[in-house]
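This report describes side-chain packing and backbone features in a predicted model. The sequence and the structure are shown below.

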Amino acid sequence: MRKLIESTLVSADGVVADPPLWAMEYRDEEVDADALERFSSSDTMLMGRVTYESFAAIWPSMTGEFADRVNSIRKYVFSSTLEKADWDNSTIVRGDVTAEVTRLKQQDGGELALYGHGRLAQDLLEHGLVDELRLSVHPVLVGSGQVLFRDGQKQPLEFAGAKTFGTGVVVLTYHPAAQPG
């Protein structure tokens with residue numbers, strides 16, 4: 001069975017919204033090399049509409065190994081409102097998200113990559129479909145915006161590792177733990 005790995009950029013105060021506004025100054029060759037290494041075992045990317053629209057506006061014009069990988073990988077966009085997905089190798093998926101992701105996980109292939117912690121990631125985590133969370137905590141306080149978890153969402157996690165970069169970014173890796181009761 002394929003693993004679903006979520007990678008999310010988060011500020012020190014828990015904000016995940018609009019990372020291009022606060023996270024980019026913390027990217028360097030070390031951070032980029034690690035991101036590419038972690039992404040290399042994936043052959044499919046999952047995203048919701050908001051992440052898709054953001055990525056599709058940025059990545060096609062980017063260059064480099066990571067950009068080449070993001071642009072060429074198979075992409076599934078989960079949305080009931082997106083009319084078309086013109087970015088290379090993109091397919092819109094409508095309907096039962098958990099059933100479709102369960103089907104994708106059961107197929108042969110590499111890991112499934114999920115970027116950002118929006119509604120799609122929250123729903124998949126709640127349904128036990130996320131196997132690993134990689135939270136890239138950035139040394140900045142953003143002050144406002146969408147936070148990592150929605151009100152009332154509790155998910156026990158098991159610590160799996162940490163990696164610190166010269167820019168001050170710390171990647172914390174967790175595995176979802178079983179819910180009590």
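## Aromatic cluster and cation contacts

Ring pairs join Phe39, Phe55, Trp59, Phe66 and Tyr115 into a cluster. A charged group accompanies one of these rings: the charged end of Arg69 sits over the ring of Phe39, 5.5 Å from its centre. Another such arrangement involves Lys75, which lies over the face of Trp87 at 4.5 Å from the ring centre.

## Aromatic pairs

Six aromatic pairs are present in the structure. In one of them, the ring centres of Tyr52 and Trp87 are 6.0 Å apart and the planes stand at 50 degrees, so the pair is tilted. Tyr52 belongs to helix H2 (residues 49-58) and Trp87 to the loop between S3 and S4, so the pair ties together parts that are 35 residues apart in sequence. Tyr52 and Trp87 are both buried.

Phe159 and Tyr174 form an edge-to-face pair, with 5.9 Å from centre to centre and 70 degrees between the planes. This pair links distant parts of the chain, with Phe159 in strand S7 (residues 157-164) and Tyr174 in strand S8 (residues 170-176), 15 residues apart.

## Nonpolar cores

The largest nonpolar core has 21 residues, of which Leu4, Leu46, Phe78, Val101, Leu114 and Leu124 touch the most other members. At least two residues of this core come from each of S1, S3, H4, S5, H5 and strand S6 (132-138). H5 gives the most, with four residues.

Leu46 illustrates the packing. Setting aside neighbours within four places in sequence, Leu46 is in contact with Leu4, Tyr76, Phe78, Val101, Leu104, Leu112, Ala113, Leu114, Tyr115 and Leu120. Another core, of 18 residues, lies apart from the largest one and has Ala35, Phe66, Val70 and Ala113 among its members. In soluble globular proteins, nonpolar side chains tend to be buried together.

## The buried face of helix H4

Which residues of helix H4 (residues 97-106) are buried? They are Glu100, Val101, Leu104 and Lys105. Viewed down the axis of H4, the buried residues fall within an arc of 140 degrees, so they line one face of the helix. An α-helix has 3.6 residues a turn, so residues three or four places apart point the same way.

The buried residues of H4 pack against S1, strand S2 (42-48), S3, S4, strand S5 (111-115) and helix H5 (119-126).

## Loop residues

Two non-glycine residues with positive phi are described here. Asp18, with a phi of about 55 degrees, lies in the loop between strand S1 (4-11) and helix H1 (29-39). Its relative accessibility is 48%, so Asp18 counts as partly exposed. Asn89 has a phi of about 60 degrees and is found in the loop between strand S3 (74-78) and strand S4 (90-93). Asn89 also counts as partly exposed, because its relative accessibility is 36%.

Pro19 lies in the loop between S1 and H1. Not counting residues up to four places away in sequence, Pro19 touches Leu9 and Met24. The C-alpha atoms of Pro19 and Thr8 are separated by 9.5 Å, with the two residues 11 apart along the chain.

Notes. Residues are numbered from 1 along each chain as its sequence is written. This is a predicted model: local features need pLDDT of at least 70, side-chain atom pairs count only at pLDDT 80 or more; totals for chains, interfaces and linings use all residues. Side-chain values use heavy atoms; hydrogens and water are left out. Buried means under 20% relative accessible area, exposed over 50%, partly exposed in between (1.4 Å probe, protein chains only). Rings of Phe, Tyr and Trp (its six-membered ring) pair if their centres lie within 6.5 Å; planes under 30 degrees apart count as stacked, over 60 as edge-to-face and the rest as tilted. A charge sits over a ring if NZ of Lys or CZ of Arg is within 6 Å of the ring centre and within 35 degrees of the ring normal. Contact means heavy atoms within 4.5 Å. The arc is that of the directions from the helix axis to the C-beta atoms. A nonpolar core is a set of buried Ala, Val, Leu, Ile, Met, Phe, Trp, Tyr and Cys residues joined through side-chain atoms within 4.5 Å.
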